[in-house]
Amino acid sequence: MTRLSAAQARRVAVAAQGFHEPAPRGPVTRAHLKKLVARLQVLQLDSVSVSVRAHYAPVFSRLGAYDREVLDRAAWSHSARSPRLLIEYWAHEAALMAVDDWPLLRWRMRQYQHGRWGTEIVKKNPRLADDVLAAVAVLGPSTAGQIEAYLESEPRGRKGPWWDRSETKWVAEALWSSGALTTATRVGFARHYDLTERVLPADVLERRVDEPDAVRELCLRAATALGVASEADIRDYFRLSAAQVKPALAALLAAGEVERVDVDGWNAPAYLRAGRTIPRQDKGTALLCPFDPLIFFRPRVERLFGFHYRIEIYTPAAKRRFGYYVWPFLLDGHLAGRVDIKADRAADALVVLGAFAEDGRDRARLSEALAAELRSMADWLGLSDVAVGDRGDLVAELGAVLVR
């Protein structure tokens, strides 16, 4: 069995996520985005927008400053010249994925026939689900509030006992989870639902993939995106179960698509994507948002980088160790530091509320590289300055570099 050192595993993982490749020299195009999504598979969505929403960040981290309209058009608009490239679904958590990959998750849509949460609402009131679908058929792309307003405007005899905003939203989300509705567009990040058959191409809707075949393909996609991974890592990427993944990995091993390897320091076997080159050098420098695919699975982050990371949004402010929305900093293929940042539009600045170095890092090199990435991010976000606060053991050195 092949054995990898911890450093080799880390390099394989970083390279698999695209950090060993240079950013495009010219503007980032739809073709660049399509290639990146084929590599990463998913761009996780999240409602928090302290500096920039989560789905935009991994593209910036790998391709550099780009026009976010490229991603918006790919995800939430369609034309004959530029067909929709991405669709939303539970591909990790709520995430953007390639339109062509939607059939790979039909088995999950069947599991979520009555939604992912609040299933009792749909089960107890199928009439409301029918009426929501009928409303969307008439209205076209609509928010839950618009659907509710339409239903409330119908004759009184048609109103049901569950018709209030929260129940309408629950049902719309359940229909989205079941695949009956999908996201046609977003405005101010508010989801506008539409009938799935009016959003996805007919050939995608007609394609059927049996669950074992779909899971096997998803495991292969996860193994490819991760480079080298434990079974738990592969399960997490698309939120699969052990019962699904074990036979899928056995089939991939038999087919020669992956190979079993041992990694120094790992307490479980790992799987290396067949044909994967093992880089000889550490490369990759980027700011990583909390939902970047490289750091999705926190146990993997500790195994690969020796980096303990937890998002502290739900931790009371007085108990936070690093900050509200902290971005790990990848420097030359290592997680070398972290920054708590926010975009302050009123001050026209990207504000570094806290900056922290990992033990044993070259602080001068870290400060210089981090300052460059922060300046690049500020420019990308249309902010004219980077301001540094007073929390963390790196703020003095970082601030000194930024004022030069």
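Colleague: Why does Glu 21 count as partly exposed?

Modeller: This is a predicted model, and in it Glu 21 has 41% relative accessibility. Buried means under 20% and exposed means over 50%, so Glu 21, at 41%, counts as partly exposed.

Colleague: What makes Arg 39 and Glu 21 a salt bridge?

Modeller: The closest N and O atoms of Arg 39 and Glu 21 are 2.6 Å apart. The cut-off is within 4 Å, so the pair qualifies as a salt bridge.

Colleague: Why can that pair be said to tie parts together?

Modeller: Arg 39 lies in helix H2 (residues 30-40), while Glu 21 sits in the loop between helix H1 (6-16) and H2, so the bridge ties together parts that are 18 residues apart in sequence.

Colleague: What makes Asp 101 and Arg 221 a salt bridge?

Modeller: Their closest N and O atoms are 2.9 Å apart, and the limit is 4 Å, so the pair counts as a salt bridge. Asp 101 is in the loop between strand E4 (94-98) and helix H5 (106-111) and Arg 221 is in helix H11, so parts 120 residues apart in sequence are tied together. Both Asp 101 and Arg 221 are buried.

Colleague: Which residue forms a salt bridge with Arg 191?

Modeller: Glu 173 does, with 2.6 Å between the closest N and O atoms. Arg 191 belongs to strand E6 (residues 190-195) and Glu 173 to helix H9 (residues 165-178). Both Arg 191 and Glu 173 are buried. They are also part of a network of salt bridges that links them with Glu 88, Lys 169 and Arg 186. The structure holds 31 salt bridges.

Colleague: Why are helices H7 and H8 called roughly perpendicular?

Modeller: The axes of H7 (residues 126-139) and H8 (residues 144-153) cross at roughly 100 degrees and come within 10 Å. Angles of 65 to 115 degrees count as roughly perpendicular, so H7 and H8 get that description.

Colleague: Which residues make the contact between H7 and H8?

Modeller: Among them are Leu 128, Asp 131 and Val 132 of H7, and Gln 146, Ile 147 and Tyr 150 of H8. By class, this contact has nine nonpolar, one polar and one charged residues.

Colleague: Which residues touch the most other members of the largest nonpolar core?

Modeller: That core has 117 residues, and Leu 71, Val 132, Ile 234, Tyr 237, Trp 327, Leu 374 and Met 377 touch the most other members. Helix H11 (residues 211-226) gives the most to this core, with nine residues. A second, separate core of 26 residues includes Ala 9, Phe 19, Val 261 and Leu 335.

How values were computed: Residues numbered from 1 in each chain as written. Predicted model: local features only at pLDDT ≥ 70, side-chain atom pairs only at ≥ 80, totals over all residues. Heavy atoms only, no water. Axes fitted to C-alpha atoms, helices over the stretch in contact; angles between N-to-C directions. Helix = DSSP H or I, 4+ residues; strand = E, 2+ residues; numbered from the N terminus. Parallel < 35°, antiparallel > 145°, perpendicular 65-115°, else oblique. Contact = heavy atoms within 4.5 Å. Nonpolar A, V, L, I, M, F, W, Y, C, P; charged D, E, K, R; others polar. Core = buried A, V, L, I, M, F, W, Y, C linked by side-chain atoms within 4.5 Å. Buried < 20%, exposed > 50% of the residue type's maximum accessible area, 1.4 Å probe, protein only. Salt bridge = Lys/Arg side-chain N within 4 Å of Asp/Glu carboxyl O.
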